[in-house]
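I opened this entry to look up what surrounds the ligand, and then to follow the neighbouring elements into the sheet.

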Amino acid sequence: MDATENRCSLAFKQIARVTNSALPVKKMLNLVAASAAGALQAAGCAVMLLNPQKEYLDIIGASGLSDVYLRKGALNARKSYPDILDGKIVAVDDILTDKRTQYPGHAAQENLKSLLGAPIVQKGEVIGEIRIYTRSKRRFKPHEKDFISTVADIIALTLEKIELYQYLNTHHQSNLTQQKKLTSFSDLPLTPIRPTSFGHPSEAEFARLLDFYQVEWLYEPRSFPLSSQDDRITEMFTPDFYLPEIDLYIELTTARQSLITGKNHKVRMLKELYPDISIKLLNKGDYLKLFAKYGFIPLGENKMTGVQRILFSKTQLQRRVKSLAKQISGDYQGQELVLVGILKGVVCFMSDLMLNISIPVMLDFMAISTPADKSDALIRILKDLDTGIENKHVLMVEDIVDTGMTLNYVLNYLSARQPASLKVCTLLDKRARRLIDVHLDYVGYEIRDEFVVGYGLDMAGKYRNLPFIAVLE
Ligand code: IMP
């Protein structure tokens, strides 16, 4: 066995012992990172997990790298060596000149030269990465790539084990025996862990709230130097959270005046030194208001009663609607298009879709009454179209297609008026409940058989003004 093989074998022993210990997750991963870096005689190592939206990487364990480097800013998974996310092992000979390096300035300051990255894959899906950094230029050898890839596998297994413990802890054993017998790990509805060690319980609460509203967040991703002396940073400020969707840093505070004064001072300095950075100092009352402002929670929390979980956040809806509108604009280029909606559920979707379509469109609405028991198919038209659609290109816009009865009826009614073409765009498709087969040309999302509300959809007339789509309790 040569010296490297010896070091790798020793590192595996250490990693096995550490991952099998009762240490807190973060400490465990810091030690794994230290062993991995040590085995390859590298300067440092970072273990990162993708956030739930799979856009950013959270550092969940590290060794040998400075705080300034680790908190250099949001690490965008698609900009920073995206091949790793495709499941590849990536060796970078020269970090500073490689175009895939997101923060070359920080890498230069940290004196990093080469990098070896491997994906952390769980059940066939990339959930994170491990990266090894060196301070002299290095060509990584095949056995070093094998080593780091195996360490990534051990981390994937360890995270799965921790998720399993968390699941068993929250679902009492007696509950579990009543459920269907588990035959493999993949039967478990595991929720991926984000082993972030928050500095304060209020931060954990804020993160839970952000998760509930499906708002992307990163915890302390960037430290801002505030003052320095002879090239040495003497004062730093690390805001608690960064919300990439709205490009906003957030520093949480309590009602304690002594804390507020200090934090206010830092926030003011940060604004002066970094005028392009948006930051807010928030207490609990403030952040509830902020959620309202960005449409994540309506003011007056009573409207939220009964909402069990958010299926699609406002941002997700906006993104999806934009991409549908782009597709429609392309498909109908140079044609006269009439959008026809059925009142009232479609109002939010229709208005957002229309605003994002780049070709001229006409608009019309119908209102129909659907009997409570749809099997007797007594659908009546309460309001007909205002204009004729003969020889026009018609796009029926629906909020949700459930049994397909309503759409089938309306499509028959409209096609009798001989439009030039007739297509369907629905935001939601509850395919599992379909009774009549109707063809859908544009679909926002296919959803399970669950009753959903919000973004125009109602339950006995309520919940239409929620800015997101939610499942009721
Ligand atoms: P269908 O005729 O069964 O396809 O029903 C379509 C209509 O039922 C929609 O336009 C909605 O008004 C209503 N609907 C079906 N599922 C839901 C739901 O989950 N939430 C709210 N309304 C729904």
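For the class counts I took Ala, Val, Leu, Ile, Met, Phe, Trp, Tyr, Cys and Pro as nonpolar, Asp, Glu, Lys and Arg as charged, and the others, Gly among them, as polar. On that basis I find 6 nonpolar, 3 polar and 7 charged residues in the shell around the ligand. I note that this is a predicted model.

Ligand shell. I looked up which of the 16 residues around the ligand come nearest, and they are Asp-402, Thr-403, Gly-404, Thr-406 and Val-452. Val-452 takes part through its backbone, where an N or O atom lies 2.6 Å from a nitrogen atom of the ligand. The ligand taken alone exposes 490 Å², of which the protein buries 86%. Two or more residues of the shell come from each of strand 17 (393-401) and helix 12 (405-415), and strand 17 gives the most, with 4 residues.

I then traced the open sheet, in which 6 strands with mixed pairing follow the order 16-15-14-17-18-19; strand 16 (380-383) and strand 19 (442-446) are its edges, each pairing on one side only. Strand 14 (residues 337-343) runs parallel to strand 17 and is joined to that strand by 5 bridges, and Val-340 stands opposite Met-396 in strand 17. Helix 12 packs on this sheet, touching strands 14, 15, 16, 17 and 18, and its direction makes about 170° with that of strand 17.

Methods. Residues are numbered from 1 along each chain as its sequence is written. This is a predicted model: local features need pLDDT of at least 70, side-chain atom pairs count only at pLDDT 80 or more; totals for chains, interfaces and linings use all residues. Side-chain values use heavy atoms; hydrogens and water are left out. A residue is near a molecule or strand if one of its heavy atoms lies within 4 Å of it. A polar contact is a pair of N or O atoms within 3.5 Å; within protein, one must be able to donate a hydrogen and the other to accept it, and residues adjacent in sequence count only if both atoms are side-chain atoms. Accessible areas come from the Shrake-Rupley method with a 1.4 Å probe; for residues, only the protein chains shown count as cover. Two strands pair if DSSP finds at least two bridges between them. Contact means heavy atoms within 4.5 Å. Axes are lines fitted to C-alpha atoms, for helices over the stretch in contact, and angles run from 0 to 180 degrees between N-to-C directions.
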